[in-house]
Amino acid sequence: MQMEIDRKKTIGERLLRERQRFGWSQMEAAAKAGVSFSAYRSYEDGRSAPNAEALQLLAGCGVDVLYIITGSEGTGGTMSPDEMMVLCYWRDSPDELRSAWLAFYRAYGAMIRGEV
């Protein structure tokens, strides 16, 4: 029983560190995880652990779920919080907006490479 409590506290501490890495409030993190504020707070407090669905939603926003679960960095640790934020917004965007972003960055990239 104590090992389970310790495990939940450890997961909560890692979840807190990931949230802080992104600069999110608990309310923002709860929304990204698809859970209530009180449920999210209970994760960070170590009173409960996020389920697979919440972790999947957080992973979609760039949160390093492997780190949260195991303490080992996965792929999320290689991007800055700003890069992860852009990725999260990208994944939430409709196709029309994605097309506009791609057109902008292609034109910008060509300009800075002197191809224009």
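Which residues in H6 meet which residues in H7? Val86, Tyr89, Trp90 and Arg91 in H6 meet Arg98, Trp101 and Leu102 in H7, where contact means heavy atoms within 4.5 Å. By class, this contact has 5 nonpolar, no polar and 2 charged residues; Val, Leu, Trp and Tyr are among the types that count as nonpolar, and Arg is among the charged ones.

Before going on, a word on the model: it is predicted, with local features needing pLDDT of at least 70 and side-chain atom pairs pLDDT 80 or more, while totals for chains, interfaces and linings use all residues. Residues are numbered from 1 along each chain, and side-chain values use heavy atoms, leaving out hydrogens and water.

Now for the rings. Phe104 and Tyr105 pair edge-to-face, at 4.8 Å centre to centre and 75 degrees between the planes (pairing needs centres within 6.5 Å, and edge-to-face means planes over 60 degrees apart). Ring pairs link Phe104, Tyr105 and Tyr108 into a cluster. Phe104 is partly exposed at 48% relative accessible area, and Tyr105 is exposed at 52% (buried is under 20%, exposed over 50%, partly exposed in between, with a 1.4 Å probe and protein chains only).

Glu44, in helix H3 (residues 37–45), counts as buried at 12% relative accessibility. Leaving aside neighbours within four places in sequence, Glu44 is in contact with residues including Leu15, Arg19 and Gln26.

Technical notes: Phe/Tyr/Trp six-rings, centres within 6.5 Å; stacked < 30°, edge-to-face > 60°. Helix = DSSP H or I, 4+ residues; strand = E, 2+ residues; numbered from the N terminus.
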